[in-house]
Structure formats: structure tokens, C-alpha cells
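Colleague: I have a model open and want to learn how to read it. Could you take me through some features one by one?

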Amino acid sequence: MRHILKRREILPDDWYHFGEDAPVDGALIVPLAELRKDPERWRNWSGKLGVRLSVDASYDDLTDALARLSLVAVEFPNAGDGRGYSLGRQLRDAAGFRGELRAVGAGVRQDQVFLMSRCGFDSLELAPGEDLEAARRALHRYDVAYQPGSAATSPVVTIRMQRYFSANTS
Amino acid sequence: MYQYDELDQSFIEQRVAEFRDQTRRHLAGELSEEEFRPLRLRNGLYLQRHAPMLRIAIPYGLLSSRQLTKLADITRHYDRGYGHFTTRQNLQLNWPQLADVPDILADLATVQMHAIQTSGNCIRNVTADHLAGINPEEVDDPRPYCEIIRQWATLHPEFTYLPRKFKIAVTGVKEDRAASQVHDIGLHLQRAANGELGFTVLVGGGLGRAPMIGHVIREFLPVPELLAYLEAILRVYNRHGRRDNIHKARIKVLVKSLGPARFREQVEDEWRAGRDHAPRLLPQQIERVRGCFRPQPYESLVDIDALAGRESAFLAWHRYNTRAHRVPGYRAVFVSLKAHGEVPGDMTAHQMESLATLAERVSFGLIRVTHAQNLLLADVRQSDLYEVWRKLAELGLAMPNIGTLTDMIACPGLDFCSLANAGTLGLARQIQTRFDDLDYLYDLGEIEIKISGCMNGCGHHHVGHIGILGVEKRGEEWYQLTLGGSANGFTALGEVIGPSLPRDEVAGAIERIVETYRAERLESERFIDTLRRVGLKPFRERAYATHPEAA
């Protein structure tokens, strides 16, 4: 069984990818093109449903379907292609997606997972051959960050506001 | 200058630990060179012609004496006892060992320095006017905003893997000494009629293969919106910038293909869409950083005549290598790294240490790096000038040529850089030798020569009054000349004047170009103004007059 990093822990993956042998009521991640090809079929899927986006997709492509989706997976084709980070942010911030946001693909490596988690990805399916335990540790490489973000690392600004400016902040 | 608090300190220490682990994995064979490359680049480490090259960040060019002393130690201990200051106000080491780099970074961290994001496809060192804070005409000191941007850009989770490198410059004066119009983003501090501070935002400038001047996409951006707006620009770029062709991947290509108006629309849409989530600058944040850049504790002095009874060599130095200061009784002093016969921008460990000590004594312990590859002591008492000159002269740092033809900018070129097509350092030396007569140099006045060893344009040749670009032809080094470029205030890109020349003919062609200027100039007219008035034609003709064989 596949294991992933989910909310900073190594857990068995309870999702299936399209093409894998999913049970009829299983949690299934379907590529956007499939979802569009037969919307009726997927609307009636009895299990949980997720979508897989290529990195050049736009979050606008999902507006209608987003409410029905429990998971959105964004493909990182290689470590150098950073489009997925912005797509993650847009899904969380502009589209308001609160479900599981998963990074998938060959670009999901231990040296990138910290950045992904700070862009709102709470689920990391590492590239084949990556050391899950090392990746889990990599999420804790920094305990402060200069930007607000969606993971447990504290933004510097927040700490400074508490520390230096607490007397008269409103 | 900005002082790290424990959060900044713990961040850079964690960064060093991360890179130490990545280097260990690479050396153990767990990370291939291909996998290691983007990681080492984001820590300033290139693999170059002879050895790795480490580019150390000097945020907006500001150094303390303590930091400069540490840099001297590092060049001695890990390198060959010298370093090279660059046009991005950084310092490059040419000979470090890969396995030592984590230790070098750890040493840097002890003096609040790092090499983060000095290379790679990410947001690079933010640069500013080197006269920031002492400039009489300044709207506001740009450095606090540079520091705020530095922190925001440091390991920004969304923008660490951009299509291409990304450079930001901030200026607080009209006379743009930060070359902000040829940056990916240029920010010009402005004060609105109601007194509110903000920025004019330019996007899409750049040098390199397809040089372009930036477009204004917002006339006035209030200061609190700075980071939110930068995020909107970067997000549009990160989503839509080209990744299929490295030569078309800079933001300038995106701005050009969409057109500035449509690009602006997308940025403004993104800015509005991200409003609830984007970082907004709070007055306390701005004040905290501004507090680090308060004016120095100047003595209450009056201007004096520092020249009376002094020898002519001092007078020449005073005229060329010092500048007016906002505060009576003080002057700013350039430390020339352009001694004839030396590599432009190079400095030895001994010079660094001695200058650090001098700065401690005469300029509040601060040293600035200029984008023209010189240093600056910004706050020197006029009564100390003579002593400072003597000391600098003893160190070989008082060449009285700032702003003259031999105050050239040159990238490291083929001698060190693996991208270069041609050497720059030997050529710079040939030009210095040809123009070694100071009276002749002074007669020529203000002329900027900028030399790049390849199309990437690190030597800013496009914006040199005289630009020199190294090209490779049939395995030999040739040089293409451009005329009429400028990066100050009125930014313009130079025009190629003809076929490229072999190395030994370049200095001669330059001599004929400046002789044309001497023949054509009106009284006290600068080179660039004569060029603009009479056009390229006479210069072109004279430059090639004796060289029909040039191909």
C-alpha cells in the first residue's frame, strides 16, 4: 500500500488514482479531462472524489466541481517547475478550497516539501524512490518563515507583532 | 544598518544546516549533480571554469566593518585571499572548495550574512542607490524597503522556482543610480500630493539577450500594499512566464507578449483577488526596519575648505572620488577598485581588513558597495579627508578615476565564468593602459565603459556609454561595440555600431571614438550628450576608419 505524508505524518494513502483498481465506493482521484468527459458518471460516484490537475491548469477550470471534490491533486512534473506552488495558493486563497490539497509527480522531493506545505499542500505524495522519513523530517527544517503560510511554521511577522508591538496593536 | 533579531539569526542558521545536509547527500552520491544544482544555486554556488564560485549576498550593498573583516578572513581561509565585487553589489569568491561551502556559510551567519538566492531562478539580491540616505534630493531612504523586500523574498514558498531569475531595485531619487529601469521590477519612491509615500512600479526591464526598458504599470502604489502588489506580479509571472525556452523566460518577454496594458490588468486582477490573503505592511513593521536606518549621529560641523595648501594629487582625488553630503562638514568618499592594471571590482583580504579598520575610525563602521564595482565610505568628516586619502593611497584604493573612462564595469569573463564567450579582464587592462594618462582622462570627463563577456550582460554593456560585448567567432574572442547606452535617470540602450573586432583592436577603436568626441564636443559637453546631439555616424565612421579588414 502506498504511503504519503499527510498533515506532517506518514500515513497509508486511502485514495486511489484513476486506472488503479479502486473499489466501487473507494476514494478516487480522476484527471480533469476524465471528469469533463463524463460529468454524469462522476457526479454519481458513490465514494469520495478527487481531481488531478496538470500544472498548467487554472483553478477557474474547477469552479463548478469544487464543492463536490474532497481532494485536489496538483502535478509537479519536475523539481524546477514552480507553477504548482502558485496554483496551490490560488486554490486555497482565491477559490477557498478547504479539502485535501495534494502534491503529486516527479517534482515532489524532500527538498521541496517544506515549500509545498507552506503553499497549502497538506498532502504530499512523494516521487518514486524518495525517502518518506527524510521528507517528513524536512518539513521541520525551519521553525520560522518570513511569509504568512498555511503550515505550522510561525511567520516572523506574527511573532514580531506579539513580541515588539503587542502594547498597541489593534 | 539592519540588525538581525533572533528570528533572522535562527532562520539563517537553519538554512546553513539544510545546505550542509544537501551537500553531504550530494557528496555521498544520494543527490545527483542534476538534483543538487537548483539547491546549490539557491545558496549562491556555481560550478565554474576552474572551481566552484560562491556569490555572497550584500543586501543593497551595505556592509559593516565587522562583516568586511569577516569577508577578508573567509577569502584568506577558504580562497586565495581576494574577492570580486559585482554589479549586483555582491561579493564573489572564485576558488572555494565545494566541501567547504557549508562552513563558509556558517562563518557568514556569525556576522548576519548569507548567500541565499544570489543565483538560481528565484528573487535575487534587492539593490538600491549607493548614495541612499545621504542624498539631498531623496524622497525617502530606499533601504528599509529593500530590507522588507529581502525578508519577504527569502525562501518565499511560492516564488523559489520561478521561470527565470528575478531582480528588483528600489530608488528614492530621480537620478536613478540603481539602474531600476532595466530590472524585472523597478520601484521608484514617490510622495503623493497629500504627503502619502508610495512607489511607481516598473515591470519588464532587463539586459541580457533582448534588452528592454521597464514599463510603468502603476503610477502610485501606497507603501502598505508593496508586498501584496509584488506577490500579484510574481504570481502572474510564475503562472504564465515561459518555461520552454530559457532565453524567453524572463518577465520582460511575458510583458512584451501580453503588452504592458494587458499584463497590468492581470496583475491588478490578481492583486484584488488576493486581497484578503496577501501580506499587508503594518506601520509597526515599517517603523521597526526604518529605525535601523536612522541618520548617523553626525557631529554638528560646518563645511570647511579641505583643499587649501594640499598637493595636486589630493585635489584630483577630492574632485573625482568624493561627493557632496546632505550634512554640513561631511563628504562621501569613493574607494576606487579600478586601479590601472588591476581587475575591476577585485579586492584583496589585506585591503578589506584595512578598509574595515579605516571605516570604523572615520565613517561609522559602514561600507557600501556600488553597482559600478567600487566601494563607498558614506559619512566622512571633511577634516578627515586628507588622512583618508593618504591611507587609501597606501592601500592602492585611491585611483582618482571615479566616473572617468577607466572606472569601467567588467564581469569576470572567460577567465572565470563558464558562460562567457570572451575574456573581459585582459581587455579592461589594455584599455586602462591605453588611457593611463590622467590629464587626458580628466579632459575626456564622464564616460562609462561597460564590458560583458557574453550575451547575459552581467557587465551591463547595453547601458554603457560605450558598451563592449565579448563574442566567440571561429574559436576566437571578438568584441562588439555599442554606443549611447545609459542607466542613469534617462535610461537608454546602446546601439551596435558595426562588425565585431579582434581584442587587440578594441582599445584603438575606443581611442578613435573618444577622439571623435573631442573633435565634435561643444564646450563642457559630456561624451553622452555629444553622442546624442550629433548621432552615431561620425563615431561609427572613425571607429572603423583604419580597419577595413574587420569582419
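This is a predicted model: local features need pLDDT of at least 70, side-chain atom pairs count only at pLDDT 80 or more; totals for chains, interfaces and linings use all residues.

Colleague: How many bridges join S6(B) to S7(B), and do the strands run parallel or antiparallel?

Modeller: Two bridges join strand S6 (residues 127-128) of chain B to S7(B). The two strands run parallel.

Colleague: Which elements make a β-α-β unit here, and is the unit left-handed or right-handed?

Modeller: S6(B), helix H5 (residues 143-153) of chain B and S7(B) make the unit. It is left-handed.

Colleague: What pairs with S7(B) in the parallel sense over four bridges?

Modeller: That is strand S8 (residues 185-191) of chain B. Ile168(B) stands opposite Ile185(B) in S8(B).

Colleague: Are the faces of S7(B) covered or open?

Modeller: Look at the residues on each side of the strand. In S7 (residues 168-171) of chain B, Ile168(B) and Val170(B) lie on one side. Ala169(B) and Thr171(B) lie on the other. All are buried, so both faces are covered, buried meaning under 20% relative accessible area.

Colleague: Take a residue in S8(B). Is His188(B) buried or exposed?

Modeller: His188(B) is found in strand S8 of chain B. Its relative accessibility is 18%, so His188(B) counts as buried. The cut-off is under 20%.

Colleague: What does His188(B) touch?

Modeller: Leave out residues up to four places away in sequence. Then His188(B) touches Thr171(B), Asp176(B), Ser180(B), Gln181(B), Gly198(B), Phe199(B), Thr200(B) and Leu202(B). With Ser180(B) there is also a polar contact of 2.6 Å between the side chains.

Colleague: How far apart are His188(B) and Arg25(B) in sequence and in space?

Modeller: They are 163 residues apart in sequence. In space the distance is 43 Å, C-alpha to C-alpha.

Colleague: Now a sheet. What is the order of the strands in the open sheet of five?

Modeller: The order is S3-S14-S15-S12-S11 (chain B), with antiparallel pairing. Strand S3 (62-64) and strand S11 (322-324) of chain B are the edge strands, each pairing on one side only. On average, neighbouring strands are turned by 30° against each other, direction ignored.

Colleague: Which helices pack on the sheet?

Modeller: Helix H3 (residues 65-78) of chain B does, touching S3 and strand S14 (366-369) of chain B. The direction of H3(B) makes about 85° with that of S3(B). Helix H11 (residues 349-362) of chain B packs on the sheet too, touching S12, S14 and S15 of chain B. The direction of H11(B) makes about 30° with that of S15(B).

Colleague: Over how many bridges do S12(B) and S15(B) pair?

Modeller: Strand S12 (residues 330-335) of chain B and strand S15 (residues 375-381) of chain B pair in the antiparallel sense over five bridges. In S15(B), Phe334(B) has Leu376(B) as its bridge partner. For Val333(B), the partner in S15(B) is Leu377(B).

Colleague: How many residues lie between S11(B) and S12(B) in their hairpin?

Modeller: Five. Gly329(B), in the turn, has a positive phi of about 90°. The strands pair in the antiparallel sense over three bridges. Ala324(B) has Arg331(B) as its bridge partner in S12(B).

Colleague: Which residues of S12(B) point one way, and which the other way?

Modeller: Tyr330(B), Ala332(B) and Phe334(B) point one way. Arg331(B), Val333(B) and Val335(B) point the other way. All are buried.

Colleague: Last, the interface. How many residues of chain A are in contact with chain B?

Modeller: 40 residues of chain A are in contact with 39 residues of chain B. The area buried between the chains is about 3600 Å², and carbon and sulfur atoms give 53% of it. In chain A, Tyr142(A), Tyr146(A) and Gln147(A) lose the most area to chain B, together 21% of what that side buries.

Colleague: What does Gln151(B) touch?

Modeller: Gln151(B) sits in helix H5 of chain B and is buried, with a relative accessible area of 8%. Beyond four places in sequence, Gln151(B) touches Tyr146(A), Gln147(A), Arg160(A), Tyr2(B) and Asp8(B). A polar contact of 2.8 Å joins the side chains of Gln151(B) and Arg160(A).

Colleague: And where does Asp8(B) lie?

Modeller: In helix H1 (residues 6-27) of chain B. Asp8(B) is buried, with a relative accessible area of 0%. Among the residues Asp8(B) touches are Tyr146(A), Arg160(A) and Gln151(B).

Notes:
Residues are numbered from 1 along each chain as its sequence is written. Chains are lettered from A and ligands numbered from 1 in the order in which they are written. Side-chain values use heavy atoms; hydrogens and water are left out. Buried means under 20% relative accessible area, exposed over 50%, partly exposed in between (1.4 Å probe, protein chains only). Two strands pair if DSSP finds at least two bridges between them. A crossover is right-handed if, with the strands pointing away from the viewer, the path from the first strand over the helix to the second runs clockwise. Axes are lines fitted to C-alpha atoms, for helices over the stretch in contact, and angles run from 0 to 180 degrees between N-to-C directions. Contact means heavy atoms within 4.5 Å. A polar contact is a pair of N or O atoms within 3.5 Å; within protein, one must be able to donate a hydrogen and the other to accept it, and residues adjacent in sequence count only if both atoms are side-chain atoms. Buried area is the accessible area (1.4 Å probe) that two parts lose on being put together, summed over both.
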